[in-house]
Each structure stands twice: as C-alpha cells, then as structure tokens.
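Trainee: I would like a close look at a single part of this model, taken slowly and with the terms spelled out.

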Amino acid sequence: MATPVSTPSLGSQRSLSPPATPGTSTPPSLYQNSTDPDTPWVVQKFGGTSVGKFAIKIAEDAVSGYLAGNKVAVVCSARSGSTKALGTTNLLLKAATEALTPRESNSTPVPGISTPWSAAWAPTPPSFSPPLTPPRRSVSFGRSSAPFSMTPVQSCNNTVDLIRSEHLTAARTHIRDQVLLKQLEAEIEKDCEGLRTFLFAAQVIDEISPRSKDSIIGTGERMACKLIAAVLSDRGIDAEFVSLENVIPQWDDIDVASDHSLGQDFYDRVATIVGERIRQCTPRVPVVTGFFGPVPGSLLRQVGRGYTDLLAALLAVGLEA
C-alpha cells in the first residue's frame with residue numbers, strides 16, 4: 001500500500017550524500033537515484049509557493065536529504081509570482097480570456113512576434129535531462145522550423161510577456177552554470193512562443209475548448225518543472241524533466257469527449273502507467289508535471305486545479321512509494 005505523498009519541510013539544511021549505488025559511472029559532481037530495486041521510492045510534491053520562493057532549498061535540502069536512502073520523484077505545480085495576481089496559473093487563465101477579446105477595428109498589429117508554426121503548439125519533448133558526461137551540462141531540445149508572424153491581441157501578448165519575464169528572472173537568479181542557463185532560457189522562450197501560437201489560433205477560431213484550456217494551464221507546470229530540473233542539475237543532482245501530457249493512451253472503452261465522472265478503474269490505470277514511465281528515469285531524479293493529458297470531460301472540470309496533488313498521489317501508488 002502506498003504511503004502518503006511527502007511534502008518536505010524546507011526549513012532546515014541537510015548535506016548532500018551520494019546514493020548507495022555501487023558500480024555506477026556518475027561523474028563526481030552529479031548524484032543520482034539508486035538502481036537497487038529494493039531502494040524505496042519517495043514522491044515529493046511541491047506547490048507553487050515552494051517552486052516560486054524556495055527552488056534552491058528544494059535542491060539543497062528537500063531532494064538531497066532523501067537521496068542517500070531513497071529514490072526520489074518530484075512533482076511540481078506551476079510557480080507562484082511575487083503577488084497572487086502574478087501566479088503563473090492565474091496569468092495563463094488571464095491570457096486565455098484575453099485571447100477571446102474582440103479586436104478593435106483600428107487596432108495595430110504587434111510587430112516582431114514570431115513563432116514556429118509547425119505542429120501548432122506541439123508538446124515539448126518529454127525529457128529535460130542533462131547528460132551524465134561531461135560534468136558541464138548541456139541539453140538538446142526540439143526541432144527548428146521557419147518563423148511565421150503572429151499578431152495576438154495586445155493585452156494577451158503582454159500577459160505572455162509577463163509569464164516569460166517572471167520565468168527568465170527566476171532562471172537567471174537560480175542557475176549558476178551558464179550553459180545550463182542558456183538552455184533553460186531557450187526552453188522558456190520556446191514555451192512562451194508556443195503559447196502565443198496556441199492563443200493566436202484560439203483567437204482566429206474564437207473558441208477555447210475545455211481540453212484546450214487544460215493544455216494552456218499545463219504550460220505553467222512544464223515551465224516550473226524545467227526550472228526545478230535545471231536547479232537540481234545546477235546543484236549536482238542528475239535530474240530529468242518528465243512531461244506526462246501524452247502518457248495516457250486512447251482507450252477504446254473511454255470517451256475523452258464525455259463529461260461522465262471518471263471511475264476507479266481509470267485512476268488505477270493512470271497510476272500504473274505513470275509509475276512505469278517514472279521507473280524508466282532511473283537513475284536520474286524525475287521532475288514530473290502534474291498535468292497528465294486529455295481526460296474525459298477535461299482535467300479542470302473533472303478534478304479542478306488540484307490535479308497536481310492527484311497526480312502525485314497516483315504516482316505514489318504506481319511506484320509503491
């Protein structure tokens with residue numbers, strides 16, 4: 001039976017001890033989860049305030065303090081801002097509303113906004129995982145494509161700019177390794193430009209479906225998890241960003257468009273699938289999004305904004321934490 005999900009205290013410092021994993025080739029500056037199958041899992045879930053204000057303590061205290069005797073999986077909510085109004089989720093909901101605001105007939109297009117148009121806001125690659133060697137970290141992401149000019153509603157564009165600015169500031173505050181910082185900055189830019197593309201498309205068709213709103217909200221968790229994965233790596237912990245937005249298959253017996261309540265069988269299957277996915281990260285420390293993709297009736301409608309807590313609990317069951 002799974003134990004309750006751990007939400008570690010960030011008030012005390014613990015020293016980083018390397019996991020008991022004989023025979024690994026981990027560089028001296030990186031620490032990992034144990035490959036011993038008998039080592040127990042611990043699932044740590046961090047809310048937006050912890051991600052927004054205590055990212056360094058998450059790495060240097062909460063995660064490192066458990067690595068010596070456990071395998072750690074981290075689940076993150078979207079980061080909070082300096083005020084409640086600047087919280088990422090609130091800003092994303094604001095941008096979604098603004099995208100459907102009618103343009104004035106004399107409005108002027110916003111110059112200089114470009115975004116990859118291919119695969120219209122396709123999900124980001126499912127791993128943010130600095131290689132084991134050399135110790136100086138580097139990450140390769142995505143694919144390039146020709147730019148396509150976008151002109152979202154100005155207020156919507158300003159809100160996306162604010163999300164971008166908040167995350168870039170956090171990255172530059174917390175990340176010391178310049179190579180890792182540049183890679184994280186590129187990821188933030190890509191996520192924000194992808195969000196602009198998606199909101200522009202919603203503006204064109206004048207509609208945001210419940211599933212589309214789920215995807216918009218999921219952007220915040222992707223960006224938060226990439227930030228925490230980078231902070232962990234920067235502090236000597238071999239971390240991997242894991243996006244679960246495409247982890248759930250299309251089952252023949254479940255209608256994704258249905259508004260019917262989800263049964264226990266659905267949650268049991270999700271727990272099994274996410275547990276299997278996270279085990280594949282070993283020996284890296286997975287940093288996992290709470291958003292786990294399209295569900296019948298939409299995730300926000302079925303579960304609400306607390307779905308990250310639900311995912312953490314399902315992951316604990318799937319890992320037998």
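Which residues point one way from strand 2 and which the other way, and are they buried or exposed?

Mentor: Please keep in mind that this is a predicted model, in which local features need pLDDT of at least 70 and side-chain atom pairs count only at pLDDT 80 or more, while totals for chains, interfaces and linings use all residues. Residues are numbered from 1 along each chain as its sequence is written, and side-chain values use heavy atoms, with hydrogens and water left out.

Lys71, Ala73 and Val75 point one way from strand 2, Val72, Val74 and Cys76 point the other way, and all are buried. Buried here means under 20% relative accessible area, against over 50% for exposed and partly exposed in between, with a 1.4 Å probe and protein chains only. Strands (E, at least two residues) and helices (H or I, at least four) are DSSP runs numbered from the N terminus. In a regular strand the side chains alternate between the two faces of the sheet. Because six of the six residues of strand 2, residues 71–76, are buried, this strand is largely enclosed by the rest of the structure.

Turning to its partners, strand 2 pairs with strand 1 (residues 41–46) in the parallel sense over six bridges, where pairing requires that DSSP finds at least two bridges between the strands. Within that pairing, Trp41 has Lys71 of strand 2 as its bridge partner. Strand 2 also pairs with strand 7 (residues 285–289), again in the parallel sense, over three bridges, and there Val74 stands opposite Val287.

Leaving aside neighbours within four places in sequence, Phe292 is in contact (heavy atoms within 4.5 Å) with residues including Leu244, Ile248, Phe266 and Tyr307. In soluble globular proteins, nonpolar side chains tend to be buried together.

Among contacts in the chain with a separation of 6 or more, 84% come from residues 24 or more positions apart.
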